[in-house]
Amino acid sequence: MFRNLQLKSTPDRIEPVTDQLTSSWLEQYSEAPILLSQINLLPENIKKRVYRILIPPELLARFQIDPVSWKGAGGGLHVRLDARAGSNSVRLMAFSDDDRMDEFFHLEISDNAEGSLEIKMLQLNDPQSPRFGTVINREVDQDVTGKAGRNLEEEQRAMEAGLAPGQIRDGLGALKITLNQFETFLAATGHRAYFLEPQFYSAAWLFEKRGFAYVRGHKLMDNIHAEFQHGGRLHQALDSSTSFRKPDAWRFVRGRAWAIHDGILEAISEKWEDLRMVKQVGRKAGVETFPGAEY
Amino acid sequence: MHQITRSAELTSLPEFRKYINLACSHHSGIDKQITYDLQLAVDEACTNIITHGYQGMNPGSIILSLEFKGAYIEVTITDFGHAFEPIQTPAPDLEAGLEDRPTGGFGLYFIYQTMDEIEYTTNPYGNRLTFIKKLESAVG
């Protein structure tokens, strides 16, 4: 019945799971993804060699930090690596000062249940720029995004200074090189894609520009854009009822992001939750849910 | 490689059709019938993804890519919804009377009729449906 048809249904090969990386396993399964939990079991200096790839050397050079020793001009260690044996996550932080107070790079990644990698947090802060206390709930250890508790005065100051929600300082303009560097790490460790959950509209838009697609939330992003147009319910809800809902906020990514952070999605019976993005290593999806956007 | 990513919504289907038409028009030797077959196959596959794959989810993306490889065209559709196995779907019984036929199933039948190879893979990075359309198969 089916002219010329050849059918193949090929599940991707699943490699045998091993906790401990060995040279023979690496030799035998050259394309098998390596998990962070496996790397974390390696001796400290080997781990450090592997995880060095995660920080762009040019970013470290900008702060006079040696990309190999992680020491600054004053001789102090400027990079902190948390990658405990038994853990499936890694945290890497770089500081511009010897006292390790001014963090400019913060990356947290982890294995997920499906054996791929997730970016749990990525912050790139300009340590020379003013800092805003937009986070008030320090009790929630994992929450450094400002969502667990809002400091409205500081948020307003941050917004007026041109920051997006979730930012405590100006960015470094280094997202592109950081993600490129991360993809180098992923290719080396055998991963073909990675995931993250954008906490803010502005973050989702930035990751779209860097080639991410949506596992969940593409339709929501389309709806948000449509509803921010003239006559849309979000456009109408920009009624100056709070500082974050100014009438012209729909024109800009940051304006929309602050309004959404302020809960404006109630106007369309939606919430900013459950969005998930994916990036194929080496490829750009070309998503643009806010065409011609100004940041 | 040509690639387009749109939301998993029925309103995206015309954009996929238009995109295939545009991509095919830039390559010589691809006649209207081939373009139409590709549009139909993509339309049916994406409809399945939208109505079944992303069912119960906050819909994500569908990534459509076309690669023109001389003797054949490779079409890849990637999504991140529930895995949907089109190859396991039985062909509709064309001999049955109209009242005895179950609704649906014809879209996949058309894909099987018009494409030369179909491959479906699913892994942690998403679901990938690949069609191969040989250019010479459209002749005669």
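Of the 140 residues in chain B, 35% are buried, a residue being called buried if 20 or more other C-beta atoms lie within 10 Å of its own, exposed if 12 or fewer, and partly exposed in between, with C-beta atoms placed from the backbone. The model is a predicted one, in which local features need pLDDT of at least 70 and side-chain atom pairs count only at pLDDT 80 or more, while totals for chains, interfaces and linings use all residues. Residues are numbered from 1 along each chain as its sequence is written, and chains are lettered from A and ligands numbered from 1 in the order in which they are written.

Chain B holds three helices and five strands, taken as DSSP runs numbered from the N terminus (helices H or I, at least four residues; strands E, at least two). Read from the N terminus, the order of elements in chain B is β-α-α-β-β-α-β-β. Contacts are counted where the C-beta atoms of two residues, placed from the backbone, lie within 7 Å. Among the contacts in chain B between residues at least 6 apart in sequence, 68% join residues at least 24 apart.

Two helices of chain B can be looked at as a pair. Packed helices are described by the angle between their axes and the distance between the axes. Helix α1 (residues 13-25) of chain B packs against α2(B) at an angle of about 150°, the axes being 9 Å apart; axes are lines fitted to C-alpha atoms, for helices over the stretch in contact, and angles run from 0 to 180 degrees between N-to-C directions. On the α1(B) side, the contact is made by B:L13, B:F16, B:R17, B:I20, B:N21 and B:C24. On the α2(B) side, the residues are B:I34, B:T35, B:L38, B:Q39, B:V42, B:D43 and B:C46.

The largest nonpolar core has 100 residues, and A:M277 and B:V42 have the most contacts inside it; such a core is a set of buried Ala, Val, Leu, Ile, Met, Phe, Trp, Tyr and Cys residues joined through C-beta atoms within 7 Å. Helix α2 (residues 32-53) of chain B gives the most to this core, with eight residues. Beyond its neighbours within four places in sequence, B:V42 is in contact with B:F16, B:I20, B:L64, B:V75 and B:I77.

In chain A, helix α10 (residues 253-261) is largely enclosed by the rest of the structure, because nine of its nine residues are buried. The cover over these buried residues includes α5 (152-160) and α7 (201-209) of chain A. A:H261 belongs to α10 of chain A and counts as buried, with 24 C-beta neighbours inside 10 Å. Leaving out residues up to four places away in sequence, A:H261 touches A:P165, A:F200 and A:F244. A:H261 and A:P165 are 96 residues apart along the chain, yet their C-alpha atoms are separated by 7.0 Å.

α10(A) is followed by A:G263, whose phi is positive, near 95°. A:S269, in the loop between α10 and β8 (276-280) of chain A, has phi near 55° and is exposed, with 7 other C-beta atoms within 10 Å. A:Q64 has phi near 55° and lies in the loop between α4 (57-62) and β2 (79-82) of chain A. With 12 C-beta neighbours inside 10 Å, A:Q64 counts as exposed.
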